[in-house]
Amino acid sequence: MKLHDMSPTPGSRKSRKRVGRGDSSGYGKTAGRGEKGQKSRSGAKIRPFFEGGQIPLFRRLPKRGFKNADRIVYALVNLNVLESNFQAGDVVDLASLNEKKLLGKGDTIIKVLANGEITKALTVKAQKFSAAAAAKIQAAGGTVEIVD
C-alpha cells in the first residue's frame, strides 16, 4: 500500500455544513437559525446559566452561613491507627503516614486524636495533638513533638 492508495474509512469524514447558500440547499435564507430572536442575530452569545432574563437559580436560592476562607483543615489520625500500623520505636510523621497511605491526597497538616489505645513507644511528630492523645502517647513511653 502506498500513500496515494490510502483513503479514509467511508462515513468517517463528514463535509461541513455550508449555510446561507440559497434556499435549495436546505440552509438558505435564515441559515438554520430560525426567525428573529437573540440567537438569530450575529455575534449572539449567551453566558452559562443565563435564564433569559428570569431571576437565575443562584439568586433565587437563600444564602446561609459563612465560609471562612482562612479555615485550616486538619487530617485526623487516631491512636488506634498508629497502634495497628507502626512498630515500637518508629517515628510517625507526615512522610511515614503518606508512605503507608494513611492520609488523603492533599493532607499536609496532621492532628492526632485519642480514639483507641496505644501500647508502643512511638515518636509522633504532628502540628496538633489533643490533650488526651498526648497523655496516652507519653504514658506508653513515646514522645510528642509539635511541628510547625
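Start with Arg60, which is partly exposed at a relative accessible area of 43%. On the terms: buried is under 20% relative accessible area, exposed is over 50%, and partly exposed lies in between, with a 1.4 Å probe and protein chains only. Glu51 also counts as partly exposed, at 29% relative accessibility. The side chains of these two, Arg60 and Glu51, form a salt bridge, 3.1 Å from N to O. By salt bridge I mean a side-chain nitrogen of Lys or Arg within 4 Å of a carboxyl oxygen of Asp or Glu.

Before going on, the ground rules. This is a predicted model, where local features need pLDDT of at least 70 and side-chain atom pairs count only at pLDDT 80 or more, while totals for chains, interfaces and linings use all residues. Residues are numbered from 1 along each chain as its sequence is written, and side-chain values use heavy atoms, leaving out hydrogens and water.

How many salt bridges does the structure hold? Three. Another joins Lys29 to Glu35, with the closest N and O atoms 3.2 Å apart; both of these residues are exposed. Then there is Lys136 with Glu117, at 3.3 Å, N to O. Lys136 sits in helix α4, residues 131–139, and Glu117 in the loop between β3 and β4 (123–126), so this pair ties together parts that are 19 residues apart in sequence. Helices here are DSSP runs of H or I, at least four residues, and strands are runs of E, at least two, numbered from the N terminus. Lys136 is partly exposed at 27%, whereas Glu117 is exposed at 55%.

Now the strands. β3, residues 110–113, has Ile110 and Val112 on its covered face and Lys111 and Leu113 on the uncovered one. β3 pairs in the parallel sense with β1, residues 75–78, over four bridges, and with β5, residues 128–129, over two. Pairing requires at least two DSSP bridges between the strands. Val112 is the bridge partner of Val77 in β1 and of Phe129 in β5.

Val112 comes up again in the core. The largest nonpolar core has 20 residues, and Leu79, Leu82, Leu97, Val112 and Val124 have the most contacts inside it. β1, α2 (79–85), β3, β4 and α4 each supply at least two of its residues, and α4 gives the most, three. Such a core is a set of buried Ala, Val, Leu, Ile, Met, Phe, Trp, Tyr and Cys residues joined through side-chain atoms within 4.5 Å.
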